[in-house]
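Thanks, everyone. Let me put the structure up, and then I'll walk through a few spots.

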Amino acid sequence: MRPASGDASRFPVFYTVIGGITASVGLELFLHPHDMIAGGVTAISRLMSLYTQEHFGLLLFVLNLPLMLLYSLSTHKPMLLRALPGLFAFSGSAIILSPFPAVSGHPVVCALGGGICIGLGAGLAARHGGLLDSLGLNESDDGRPSTLMLTHRKIPLIQIVMLCNCLLLITAGFVLGWEPALYSALSCLAAYETTRLMFTGLRRMVCVVSKKQQAVEDAIHRRLRLHSTPIRSSTLIEGKTKSESDKKEQMATIYSVHLLDLQRFKAVIQMADPEAEIMYMKRWER
């Protein structure tokens, strides 16, 4: 068993291209007509295009290319070759779609619609080894750093990306106005949640460790109609191997729980065994 980093596909380039086109639809048909921006290098390219009069799609490609090359050289993995098709589709379709009008005149609809399209496109590309934005890094992407050394300290890259996006939104507030900046923040949130949903799906893998395994299983099956999967291998808890007597007393089981049932799931476990431990797991594949 190993953690799944993405979905295997016979045609990964096709999915990265579709992801790039979907993300460009969210930008050019939803966000840009209302002076909204996305996050990362995409937002930098948009702000630069307003002052340099260069096309957004061209700047998007030019600014992303050296950063992707730098990541490929630092990780010694051919990430650039996997990312190029999606980046070409992203920037090229942005150039084609730029003359078209906005899908809707309501800014809230465009903020949510644009964010969902960008999240779908970025998530689809990332699941198949692509990358549409050089700052759109996360720990589940192969070959991409999760931390950065600054002042002799390891800082999680996600925190640096969030700080960059906040600075970009503040800059957009001064340049484009605070109302479009607030709608842009809503769009970024929708894009982030949609991308996260693309990786995790609508269900969560939850591990339950309890000394009252049978009581917990009966309560969960009676209330939620969920079946458990026991962990058959020896389990490591808090870095220490359990003895044989402890293994008999404390058992671990795995459940696949829908997002809407998570709160009820935890409440049922707490009622059956207040001392039970609940741990969220990544998706697994054989």
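Let me start with a loop residue, Arg225. Arg225 is exposed, at 57% relative accessible area. Exposed here means over 50%, buried means under 20%, and partly exposed is in between, with a 1.4 Å probe and protein chains only as cover. Arg225 sits in the loop between helix H8 (213–224) and strand E5 (229–230).

Before I go on, the ground rules. This is a predicted model, where local features need pLDDT of at least 70, side-chain atom pairs count only at pLDDT 80 or more, and totals for chains, interfaces and linings use all residues. Residues are numbered from 1 along each chain as its sequence is written, and side-chain values use heavy atoms, with hydrogens and water left out.

Most residues other than glycine have a negative phi. Gln53 also has a positive phi, about 65 degrees, and is not a glycine either. You'll find Gln53 in the loop between H2 and helix H3 (56–75). Buried or exposed? Gln53 is exposed, with a relative accessible area of 67%.

Next, a helix pair. Helix H5 spans residues 107–127, and helix H7 spans residues 178–200. They pack at an angle of about 35 degrees, and their axes are 7 Å apart. The axes are lines fitted to C-alpha atoms, for helices over the stretch in contact, and the angles run from 0 to 180 degrees between N-to-C directions. Which hand does the crossing of H5 and H7 have? Right-handed.

Two C-alpha pairs are worth a look here. Gly113 belongs to H5 and counts as buried, at 17% relative accessibility. Gly113 and Ala191 are 78 residues apart in sequence, yet 9.2 Å apart in space, C-alpha to C-alpha. Leu197 belongs to H7 and is partly exposed, at 37%. From Leu197 to Gly119 is again 78 residues along the chain, with the C-alpha atoms separated by 8.8 Å.

Side chains of opposite charge can pair when their charged atoms come close. The rule for a salt bridge is a side-chain nitrogen of Lys or Arg within 4 Å of a carboxyl oxygen of Asp or Glu. How many salt bridges does that give? Two. In one, Arg196 pairs with Glu193, and the closest N and O atoms are 2.8 Å apart. Arg196 and Glu193 are three residues apart in helix H7, so about one helical turn separates them. Arg196 is partly exposed, at 36%, and Glu193 is partly exposed too, at 33%.

In the other, Asp261 pairs with Arg264, with the closest N and O atoms 3.9 Å apart. Asp261 is partly exposed at 25%. Arg264 is partly exposed at 46%.

Now the surface. Leu50, Tyr51, Leu163, Leu167, Ile170, Phe174, Val175 and Trp178 make a nonpolar patch, with about 870 Å² of accessible area together. Patch residues have over 30% relative accessible area and no salt bridge; like charges are joined within 9 Å, and nonpolar side chains (Val, Leu, Ile, Met, Phe, Trp, Tyr) within 5 Å. Areas come from the Shrake-Rupley method with a 1.4 Å probe, and for residues only the protein chains shown count as cover.

Which helix gives the largest share? H6, with five residues. Helix H2 (40–52) and helix H6 (157–176) each supply at least two. Ile170 lies in H6 and is partly exposed, at 44%. Its C-alpha is 7.3 Å from that of Ala181, 11 residues along the chain.

Last stop, Met68 in helix H3. Met68 is buried, at 0%. Met68 and Met79 are 11 residues apart in sequence and 7.4 Å apart in space, C-alpha to C-alpha.

Conventions
Helices (H or I, at least four residues) and strands (E, at least two) are DSSP runs, numbered from the N terminus. A crossing is left-handed if the near helix is turned anticlockwise from the far one by less than a right angle, and right-handed if clockwise.
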